[in-house]
Amino acid sequence: MQHHLQVNGMTCGHCERAVVHAVRQVDPEATVQVDLAQGKVVVESDKARDALAAAITEEGYTVAA
């Protein structure tokens, strides 16, 4: 399942790594693509969108509904 998330607050490579790490804590097999310029994250995972969004939020970023 492909999840499209709008993530606010990502500005650099560290942010990208933090988001990817957060997602992989929920699903180690997830494929994660981050577009820093547009604040978009595409996750290929069977896990629930809410669980993925919560993990990103715990890293200090805001996930738009």
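1. Basis. Because the model is predicted, local features are taken only at pLDDT of at least 70 and side-chain atom pairs only at pLDDT 80 or more, whereas totals for chains, interfaces and linings use all residues. Residues are numbered from 1 along each chain as its sequence is written, and side-chain values use heavy atoms, with hydrogens and water left out.

2. Strands. Helices (H or I, at least four residues) and strands (E, at least two) are DSSP runs numbered from the N terminus, and two strands pair if DSSP finds at least two bridges between them. Strand E3 (residues 40–44) is joined to E1 (residues 2–8) by 5 bridges in the antiparallel sense, and E3 also pairs antiparallel with E2 (residues 31–35) over 5 bridges. Within E3, valine 42 is the bridge partner of histidine 4, while valine 41 is that of valine 34. The hairpin of E2 and E3 has 4 residues between the strands, and its glycine 39 takes a positive phi near 70°.

3. Helix H2. In H2 (residues 49–58) the buried residues are Leu52, Ala53, Ala55 and Ile56, where buried means under 20% relative accessible area, exposed over 50% and partly exposed in between (1.4 Å probe, protein chains only). These residues line one face of the helix, because seen down the axis of H2 they fall within an arc of 160°, the arc being that of the directions from the helix axis to the C-beta atoms. Asp50 and Glu58 are exposed on the face turned away from the buried side. The buried residues pack against E1, helix H1 (13–26), E3 and strand E4 (62–63), contact meaning heavy atoms within 4.5 Å.

4. Serine 45. Serine 45 lies in the loop between E3 and H2 and counts as buried because its relative accessibility is 4%. Its side chain makes a polar contact (2.6 Å) with the side chain of aspartate 27; such a contact is a pair of N or O atoms within 3.5 Å, where within protein one must be able to donate a hydrogen and the other to accept it, and residues adjacent in sequence count only if both atoms are side-chain atoms.

5. Core. A nonpolar core is a set of buried Ala, Val, Leu, Ile, Met, Phe, Trp, Tyr and Cys residues joined through side-chain atoms within 4.5 Å. The largest has 18 residues, and those touching the most other members include Val41 and Ile56. H1 supplies the largest share of this core, 5 residues.
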